[in-house]
Amino acid sequence: MGTKTIGLFYNQDFNVLMGYESTPDAVNYVINNDYVLFYNQSHQCCGFNLLNASKHLTTSLKLGINSDNSDLLAELGGIFKQKDYSFNINQQPQFIVGKILERKKHPNSDKLNICQVDIGLSTEQIICGADNCDIGQLVVVARVGAIMPSCLKIVPSELRGIISNGMLCSERELGLPITIIGKKIMLLSKQQYHLGNSFWKEYYNGQN
């Protein structure tokens with residue numbers, strides 16, 4: 001069985017941890033005590049809700065997105081294996097600190113840029129429509145396969161004839177407080193963020 005890349009979102013008010021792939025057209029669900037498992041039309045597990053989450057987990061939960069919390073992913077993987085749930089979790093970071101190496105105008109669009117972005121282990125071509133992206137900036141890269149807070153799954157795409165592998169993220173797309181107005185991506189400080197590292201790990205370290 002292959003691994004699943006999931007988004008993890010913690011609702012502190014209700015003490016619920018939600019895990020999800022991209023939203024399927026229709027789901028069925030099974031409730032087992034505090035575990036609610038969701039299945040798609042192919043009878044494959046595509047998500048879960050863990051009620052009373054803080055009582056079941058030893059890993060500290062962060063308000064909002066927890067998708068790159070490696071300790072939490074490992075603990076959930078152990079729990080699912082112990083309970084024989086068919087949910088093998090991919091533990092690779094989904095949101096990476098990247099650096100824009102090159103930017104040029106899209107030949108078929110006045111509003112799009114073609115960016116070459118270093119994410120540490122590789123360089124990816126990503127199409128971006130933000131008006132503040134530029135060479136040398138540290139940015140948040142949602143890798144191919146990443147699950148956004150909206151449940152959108154990032155896939156390789158073709159925008160006006162040019163391939164794009166990933167997305168440069170704005171604060172709004174990450175579910176963060178909006179500090180800059182307009183069609184702009186989130187720009188990262190070189191003092192706090194480091195190329196190739198998990199964005200969320202370094203974001204939460206900076207909040208402590």
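Mentor: Two strands are taken to pair if DSSP finds at least two bridges between them, and the strands themselves (E, at least two residues), like the helices (H or I, at least four residues), are DSSP runs numbered from the N terminus. This is a predicted model, in which local features need pLDDT of at least 70 and side-chain atom pairs count only at pLDDT 80 or more, while totals for chains, interfaces and linings use all residues. Residues are numbered from 1 along each chain as its sequence is written, and side-chain values use heavy atoms, with hydrogens and water left out.

Trainee: Which residue in β5 stands opposite Val 36?

Mentor: Opposite Val 36 stands Asn 49; strands β4 (residues 35-39) and β5 (residues 45-50) pair in the antiparallel sense over 5 bridges.

Trainee: What is the order of the strands in the open sheet?

Mentor: The 6 strands of this open sheet, with antiparallel pairing, follow the order β3-β4-β5-β2-β1-β6. Because β3 (28-32) and β6 (64-65) stand at the edges with a single partner strand each, one side of each is left without a neighbour in the sheet.

Trainee: Which strands does helix α2 lie across?

Mentor: Axes are lines fitted to C-alpha atoms, for helices over the stretch in contact (heavy atoms within 4.5 Å), and angles run from 0 to 180 degrees between N-to-C directions. Helix α2 (residues 70-82) lies across β1 (7-11), β2 (16-20), β4 and β5, and runs at about 95° to β1.

Trainee: Which residues touch the most other members of the largest nonpolar core?

Mentor: A nonpolar core is a set of buried Ala, Val, Leu, Ile, Met, Phe, Trp, Tyr and Cys residues joined through side-chain atoms within 4.5 Å, where buried means under 20% relative accessible area, exposed over 50%, and partly exposed in between (1.4 Å probe, protein chains only). Among the 20 residues of the largest such core, Phe 95, Leu 174, Phe 199 and Trp 200 touch the most other members. At least two residues of this core come from each of β7 (95-105), β10 (138-142) and α3 (199-207), and α3 gives the most, with 4 residues. Apart from this core lies another, of 18 residues, including Tyr 35, Leu 50, Leu 61 and Leu 73.

Trainee: Why does Ile 163 count as partly exposed?

Mentor: Ile 163, in strand β12 (residues 162-164), counts as partly exposed because its relative accessibility is 41%. Leaving aside residues up to four places away in sequence, Ile 163 touches Gln 125, Ile 127, Ser 157 and Glu 158; Gln 125 is 38 residues from Ile 163 in sequence and 7.3 Å from it in space, C-alpha to C-alpha.
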